[in-house]
There are 2 protein chains.
Amino acid sequence: MTDRQGNPSGEDSLIARYFKPLATDPGAFDLTDDAAILKALGDDIVVTTDAIVEGVHFLSDDPPDTIARKALRVNLSDLAAKGAAPAGFVLTLALRSADDVWLTPFARGLGEDAGLFGCPLLGGDTVSTPGPQMISVTAFGRVPPGKMVHRSGAKPGDRVVVTGTIGDAAIGLDILKGGAVAAALAGDVAGREGLIGRYRVPQPRNALASAVRDHAHAAMDVSDGLAGDLAKLCAASGVSAVIDARSVPLSATAATLLARGAVGIEAIVSGGDDYEILCAISENRFEAFAQAAELAGVAVTSIGTVIAGPSVPRFLDNAGSDIVLPRLSYSHF
Amino acid sequence: MTDRQGNPSGEDSLIARYFKPLATDPGAFDLTDDAAILKALGDDIVVTTDAIVEGVHFLSDDPPDTIARKALRVNLSDLAAKGAAPAGFVLTLALRSADDVWLTPFARGLGEDAGLFGCPLLGGDTVSTPGPQMISVTAFGRVPPGKMVHRSGAKPGDRVVVTGTIGDAAIGLDILKGGAVAAALAGDVAGREGLIGRYRVPQPRNALASAVRDHAHAAMDVSDGLAGDLAKLCAASGVSAVIDARSVPLSATAATLLARGAVGIEAIVSGGDDYEILCAISENRFEAFAQAAELAGVAVTSIGTVIAGPSVPRFLDNAGSDIVLPRLSYSHF
């Protein structure tokens, strides 16, 4: 917008200053139009949207560049799990004020990730709010027609596979909130920082997207907790699963905390913010999938088996007994 | 999400109950997957995103069905101005609580408009917030390749044309806020309600989209104020304009208020929330455009002329003198 002298208003100046450099796709028209153009190029366009809210998905004193990265990465994680290649995103920013000290690192982090993941900014909306700040992203990906990987499709006998490690982010959040785990890691600064980093900056597995598309019967990203998200995948596929809790991949720090009794396996498998890929792979495709994952530099671990039936998936302990989960995952309401 | 017994959590139950009925497109997968598929069908996909915030774009006691309609319609208005046919939308809802009394009419209004405008729900995200409620919509439209209508492209000699009437919504908001206009309309309940209705429920001109695409050199929707939005269009096109303020189309109620001195022309041309289309049409296309508009049932009015030069557009009064505008439009920052 322009004032009487034709100078840009605060809002337009903010967009031009911070976000135009991120709008590298020709379809973004340098953010000077009312809409963007997304070319499908013969592919299906995969659309996903996820918002993060101050005090809920990030903390007020989280570094702004990590908030930006998280806002984009939680969406990139969905694209990865669906087997899609990133194509771009739009951003809605609800801010209390146009604060340079906050916006400069926010835009820098967002731009770095947009470049890193090949997912340019296509457009957005910036609004003022008196309340908690919120960043809503709608991200677009491309898959060959009909090739999006669904939650449904898992079959009895499939392996249940997850990427990376589970539980780190939930423990990191507990530390940031001053929980009991913080004391158990008092002397291990690197371990603490590693867990906090996993909460603040997810590591979406976009490098694995094509392998997921080529090999998985079903997939989704683990965002609300492994147990709950597996229950969703099983429900959508009309199957159940049995998980060997000992197989759930843990970081060294999480494994140490678990061994000391500072965290329980229940918290690890029902905590949120993992942003790993959970998928069902048939036995005869697992070897090829694992090789593709190795080439992509993404760790994958087989943690159990899909079985027939409508039951909620079981998590078994060392003795083969069911682990009782007080809740499966995070829910907003 | 499911609880230990496999029952959906509040969040998933909310989505299934209120929003699944709106997800009529097969690419929405009944909102049971992590992403949707948008088929381009050989067209360019037009992407636009606009959020509305409680206390900023709508009032806490606005009827929930009108809030839903406004959230979708402000985006439909962008698609119309770009010459695009609606294809679907995704929704981010930041709510204080999952309140049936609010959600039932909200979802009903949203569903009715999704049907009315042929713009099905494709996906979304529902998050909790302690702060003001916010609804963010990203809407998708289709245009034949390369045919999106831009802000740039207006040429000296083009007519400046607007749809519908200007200023009603801004006056309606003033009434809702207990402004001075309310008293001037004390006896005119229908007039008051008409203006308030224009604030709460925009009337996007999607019926005119194909005529805009066929005839306009440049177009955008008027959302932040006619004067400011015209300045944006002119700046993007590298031109200026001269507007005859007497030609700006007014509703009967607004015209009466203007004649009585209860509102000024400055407030009318710089108030926001019009959601009309502003476009530049060459003289030799105007007749065809006007005929197409008549067939579409949308009033269009020629209000001035595009001229060469970099100046901010001028608004002239009855005497041909420049009207001084304290501000051109609304800005969030």
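Asn75(A) lies in helix H2 (residues 64–81) of chain A. Helices here (H or I, at least four residues) and strands (E, at least two) are DSSP runs, numbered from the N terminus. The model is predicted, so local features need pLDDT of at least 70 and side-chain atom pairs count only at pLDDT 80 or more, while totals for chains, interfaces and linings use all residues. Residues are numbered from 1 along each chain as its sequence is written, chains are lettered from A and ligands numbered from 1 in the order in which they are written, and side-chain values use heavy atoms, with hydrogens and water left out.

**Single residues**

Asn75(A) has a relative accessibility of 0% and therefore counts as buried. Buried means under 20% relative accessible area, exposed over 50%, and partly exposed in between (1.4 Å probe, protein chains only). Apart from neighbours within four places in sequence, Asn75(A) is in contact with Thr48(A), Thr49(A), Asp50(A), Val137(A) and Ala139(A). Contact means heavy atoms within 4.5 Å.

Leu208(A) sits in the loop between H6 and helix H7 (209–215) of chain A. Leu208(A) and Ala51(A) are 157 residues apart in sequence and 23 Å apart in space, C-alpha to C-alpha.

Leu31(A) is found in the loop between helix H1 (10–19) and strand S1 (36–38) of chain A. Although Leu31(A) is not a glycine, its phi is positive, about 60 degrees. In chain B, Leu31(B) is placed in the loop between helix H1 (10–19) and strand S1 (36–38), and the phi of Leu31(B) is positive too, near 60 degrees.

| Residue | Relative accessibility | Class |
|---|---|---|
| Asn75(A) | 0% | buried |
| Leu208(A) | 0% | buried |
| Leu31(A) | 19% | buried |

**Helix H4 of chain A**

In helix H4 (residues 168–176) of chain A, the buried residues are Asp168(A), Ala169(A), Ile171(A), Gly172(A), Leu173(A) and Ile175(A). These buried residues pack against helix H5 (181–184), helix H6 (189–200), helix H9 (252–260) and helix H10 (265–270) of chain A. After H4(A) comes Gly178(A), with a positive phi near 75 degrees.

**Strand S9 of chain B**

Strand S9 (residues 276–281) of chain B is mostly covered, with 6 of its 6 residues buried. On one side of S9(B) are Glu276(B), Leu278(B) and Ala280(B), and on the other are Ile277(B), Cys279(B) and Ile281(B). Two strands pair if DSSP finds at least two bridges between them. Strand S6 (residues 159–163) of chain B runs antiparallel to S9(B) and is joined to it by 4 bridges. Val160(B) has Ala280(B) as its bridge partner in S9(B). Strand S7 (residues 216–222) of chain B also pairs with S9(B) in the antiparallel sense, over 6 bridges, and Ala219(B) stands opposite Cys279(B).

**Chain A as a whole**

Chain A has 11 helices and 11 strands. The radius of gyration of chain A is 21 Å, close to the 20 Å that the globule rule gives for 333 residues, so chain A is as compact as a globular protein of that length. This radius is taken over C-alpha atoms, and the globule rule is 2.2 Å times the number of residues to the power 0.38. Along the principal axes, the C-alpha atoms of chain A fill a box of roughly 75 × 50 × 35 Å. Of the 333 residues of chain A, 59% count as buried.
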